[in-house]
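The sequence and model follow.

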Amino acid sequence: MTSQNTPYALPGSQTRQSITLMTRGIRNEWRIYAIAIAASGVFGLITVATSRVVGHLTSSYIIPILDGNRSVATIWAGAGILFAVIVALVISIVFRRIFAAQGTFHLQARHRRALGNKFVELPPAWHRQTSPGKLLSNVSSDSEAATSVFNPLPFMLGVVVMLIAAAVMLFSIDSWLALSAFSIIPIMIIANLFFQQKMTPAVTHAQELRGEVSEVAHESFEAATLVKAMGTEDTEAKRFDTVTDDLEKANVRAGTIRAVFDPIIDALPNIGALLVLIVGLQRVSAGAATAGDIVSAAYLMSLLAVPVRSFGWVLAELPRSVVGYQRVAQVVDTTNTVTPGTHNMTLTPGEPAEVKLADIGVSFTDEHGTQHVLQNVTLTITAGTTMVLMGRTGAGKSTLVSLIPRLADPDQGTITIADHNVAELTRTALSNSVVFVAQSTFIFEDTVRTNVTLSDSAYTDEQVWEALEAAHIADFVRTLPKGINTNLGERGSNLSGGQRQRLAIARALVRRPSVLILDDATSALDPQVEQAILATVRQNYATTVIMVAYRAASARLADEVCVLAHGNIVARGTHDQLVTTNNYYQELVMAYERDAEQRREDSNAGL
Amino acid sequence: MPDSNNGSHIASASNLGAIATVRRGIQLTPELINGIWLTLALAVLAAAGKVVIPITVQQAVDATTSGAENLLGEITTVGTIALIAIAVAALSTTAVNIRLVRNAERGLARLRQQAFRHIHRLSVLTQNTERRGALVSRVTSDVDTISLFVQWGGIMLLTSVLQLVAATAVMLFYSWQLTILVWVTFIPFMFLLRPAQRRVNVSFTRVRSRMGDLLGAVSEAIVGSSTVYSYGIADKTREKITTRVNEHRSAGVQAMTHVAYSFAAGVFAANLVLVVVVIAGAYLGVAGNITAGQLVAFLFLTQLFTGPVQLATEVLNELQNAVAGWRRVIAVIETPIDVTSPENSVTQPPRGPGALTITDVAYRYPGGDLVLNDVNLHVQAGKRVAVVGETGSGKTTLAKLVTRFADPTHGHIAFDGIDLKDHSQEDLRTRILLIPQEGFLFNATIAENIAYGISQRHPGITQENITQTVHQAIHELGLTPWLSTLPNGENTEVGQRGERLSAGERQLIALARAYISGADLIVMDEVTSAVDPATEVTISRALEKLMDGKSTLTIAHRLSTAAASDHVVVMDSGRVVEQGTHEQLLALQGRYSAMYNAWISQTTSQQH
């Protein structure tokens, strides 16, 4: 695993990135690659040996035997040597392939785990800005691309050994023969470099489009119900056609480059073999070589034909791998600005805690200048009381409550829970004492039980039922075929909004938090149910409740109401106090009732 | 039996055999084999180039042993011819490659597009049985696995086979006895190949399905990120993903291990042929049936023969991988569409608010109990009908049937006197519109989200007209004051799934979108969420405007909505228990009046 400090991304120029990608991969899985590369090296040596054996068979057995200078039975001895070499060859292939595949899959899994770590570690704010489709594509196609070069890499390294052995062998036979055979190498290098230069931009583009295809597909499938409701299947199909057509074009471009390059690389060893034959015949007539030597050299060229292409494979995959790797790295290197502290607070579960917000400021800068979301907000919520935050959309209520469980950090000010600064707490300490319930509830494709405990086996069935009772959803769960062991299906698609919210509240209550934050988390509930739940919470759960709400009914339940406007606290007090003394508050909670009254009057006047 | 897939209605893979899969794949996207005969002809030329070197070797070796006079002159001629042949072969290969790449990419793009369209055509019920992440993999990575095969594997297989034919032809020319021997040595290997291929196939299918599981787990962690974060379950989620990642890894390694064995077996068989040829060749040579040069050429030819066979095993392995992906895509395309468009749709009545008649309707979810029974209901043209009832009473299911997200198990639903099943899908979607509780927003601007679908209803509409329509809708629905509070007004980006906006604001966009759709019957699942009262006012005014002059069927969660309707339907346990006007039902002193009185006492208790 890369340590916290070294970035995941590959450094430097394209060439340096390519080299780092390969060396880093081999280093990370060095045990596997040690075997894979060694097996590949052995494979290279044996391949060259095979050609030598074939040459030897020609000059020492076949020609003498056919000329009648040697007994035909001796061929069995010659063939025996060949057979032994072949067995060794096959064993080296098995080792090379299995370990090369292990290396690739282990490296791929590393990327995927690193991505998974980031996905769970990064705050919701980051997720809101990032398309799920792109992230899925990071996990599937980018991780795959990032490691694709490792499939041919061990083979290629073995081919290097093969080429060195071939050079030694050829030079030991005859220098002219060797030179003619190796004359194709410089051409090969040039062709490969040229190819890589052409291929890189083409492949980069294709890989980006692959990500886009996944993004469009994901969003469109998420929107499936809307698409059906509006009959916009064709609109969606067109949107998808556009990206897939672009991907097609990009793939064809990359494929065409490869289509031109591949036959050239293919033809080069043949041309080499031809040169060997022509030069070899001259050497034979000059008496410097035997027919067996030519056969060895030419056979070697034909054996090399496939292996030398491995350089092309590696070079062809490299650009794609670098692009895939960098796309993965972009996510893995994202720093979580909300870094957990090290302080381990020990709060007794079920013991309410005081929450203090001191001089909180949050702002962001965009093209319209600096916008203040929250400014100098100071607020203390006494342990065990209920505080309701009211205000118009955009007043900063949700932002304010999201700071307490550190879904985000303020730009200014401090937040303490029972006198512990939240920024200094470990994530576990914080999530054990503060539970945040959002308006929309994510339901896992799992049982009711798991959705309440979130897979924490420490909770007993009784505790689960107790939480379900408190959230007033126990009756509904009892009607399910398997009770709390009923599977809710993907994202609880069959649950109503109110049921989902109640489940989320049960999920929170089972943890017996010291601070319970309900960010508009009761919006889909009937006012009576909301009141009943809050009454149960106040009675049976010793917790500090901080609630964002819109209804006057919710406000009436609070020990204190705090009204926010444009990022500032504009009023505090009980509902009864505020509703009689504060105009802004009256306007806020009574707007709908007034409008309804207004319309009733209008229609009466019309009659 | 198609693989069952955790209750999914979409099979995880089709159950076609490998060859049938390829055939079906080509049938779905015939582009893959466009101009295949010319490609084949070019491939023959390309393959012929491969025998150049063995023939040249034979010439060379025999020249040295025979001690010919003009050795150099002869070899120069042979060399020149060989060089030309190599060049021609290379050019042909390029042409073959380009042709195949073009076909492959066209075919695969088409395949993605077909699968994508089909997924959208499936009923919501079927769609919901499969994870979104897994559906995405069917149009992305599953197709990618085919790509490798049809682009390169196809070429390799083709040229390999041709090379085999060419090699065999030249071999026969040199020695028919040895040729037979070569084939006889190979045949047992070919028999071994089949079961090995099957094993490889099974393991690749497992890799693909592990990938689906992995993407499913990851997608859950991504979409549920705020739950993961705020409940502190990062470690558990991480563990879950890690398990899936490692399972995929093990499956992959296992598949590749099978491939390694079958490839090595191919190499072994190929080289065994070499040994056999050396021995038999020596005896044949002594008997005077073959020259030294021919025998050596034969060794080269066996290399030519075994190369393709090895390569073909490789390609066949790749084919198994491709078939695994192909099957998953085909499984999607072959999932039956449960809500079909009629073959001959009836002539449509003129547009305008229509009447809705529900007769004796019953509905059961596949394998479930009846959720609707004996439902009779009539919505007169231009009237507002509210359906009330507790959660689980069947209200939402009724809305799904009316918008034909599913068809009733029994009974009929008619719009404008014509059964929904006889309306063309297009007509149905233009005239009947469902506004779901949670309107989905695309990651785009507010204006773009409002305009969503307009260019499909009005092909060729100009951007200017779209902007104008959107402005008009914003104005008429009274959304201007709200938009002016946003920094970029209608050009504000809404973020993934509209998450940068509040629930109420998302609802406003959904209403505007419905408004410009111009549907004649609006079926609305009323939003239950309380929103900030100012937005609530904007919403109710916009709704009023939207429903003006249309037939509406509202799944009402607020009794104020019911009170304001022309007709109220009360549902309980899938049946209509009361219906009539608000006043009639109150006078009935039944279920509705009880619900209403409870609601009144509770809302007035909040008033001051």
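How much area is buried between chain B and chain A, and what percentage of it do carbon and sulfur atoms give? About 14300 Å² is buried between the two chains, 69% of it from carbon and sulfur atoms; buried area is the accessible area (1.4 Å probe) that two parts lose on being put together, summed over both. His120(B), Tyr229(B) and Tyr231(B) supply 6% of the area that chain B buries against chain A, more than any other three residues.

The model is predicted, so that local features need pLDDT of at least 70 and side-chain atom pairs count only at pLDDT 80 or more, while totals for chains, interfaces and linings use all residues. Residues are numbered from 1 along each chain as its sequence is written, chains are lettered from A and ligands numbered from 1 in the order in which they are written, and side-chain values use heavy atoms, with hydrogens and water left out.

**The interface**

In terms of contact (heavy atoms within 4.5 Å), 150 residues of chain B touch 160 residues of chain A. Across this interface there are 21 residue pairs in polar contact, both at pLDDT 80 or more. A polar contact is a pair of N or O atoms within 3.5 Å; within protein, one must be able to donate a hydrogen and the other to accept it, and residues adjacent in sequence count only if both atoms are side-chain atoms. Helix H10 (residues 234–286) of chain B gives the largest share of the side of chain B that touches chain A, 31 residues. Helices are DSSP runs (H or I, at least four residues), numbered from the N terminus. That side of chain B divides into 74 nonpolar, 48 polar and 28 charged residues; Ala, Val, Leu, Ile, Met, Phe, Trp, Tyr, Cys and Pro count as nonpolar, Asp, Glu, Lys and Arg as charged, and the others, Gly among them, as polar.

The 53 residues of H10(B) should span 78 Å at 1.5 Å a residue, and the end C-alpha atoms are 77 Å apart, which agrees. The expected span is 1.5 Å times one less than the number of residues. Gly288(B), which follows H10(B), has a positive phi, near 85°.

**Salt bridges**

Side chains of opposite charge can pair when their charged atoms come close. A salt bridge is a side-chain nitrogen of Lys or Arg within 4 Å of a carboxyl oxygen of Asp or Glu. The whole structure holds 36 salt bridges over all chains, and four are counted between chain B and chain A.

| Salt bridge | Closest N and O atoms |
|---|---|
| Arg210(A) and Asp144(B) | 3.0 Å |
| Glu248(A) and Arg106(B) | 2.8 Å |

Relative accessible area (1.4 Å probe, protein chains only) is called buried under 20%, exposed over 50% and partly exposed in between. Arg210(A) is buried at 15%, and Asp144(B) is buried at 16%. Glu248(A) lies in helix H10 (residues 233–285) of chain A and Arg106(B) in helix H4 (residues 71–121) of chain B, so the pair joins two chains. Glu248(A) is buried at 13%, whereas Arg106(B) is partly exposed at 28%. Arg406(A) is buried at 5%, and Asp409(A) is partly exposed at 30%.

**A buried glutamine**

Gln501(A), in helix H17 (residues 497–509) of chain A, is buried with a relative accessible area of 3%. The side chain of Gln501(A) makes a polar contact with that of Ser523(A) (3.0 Å).
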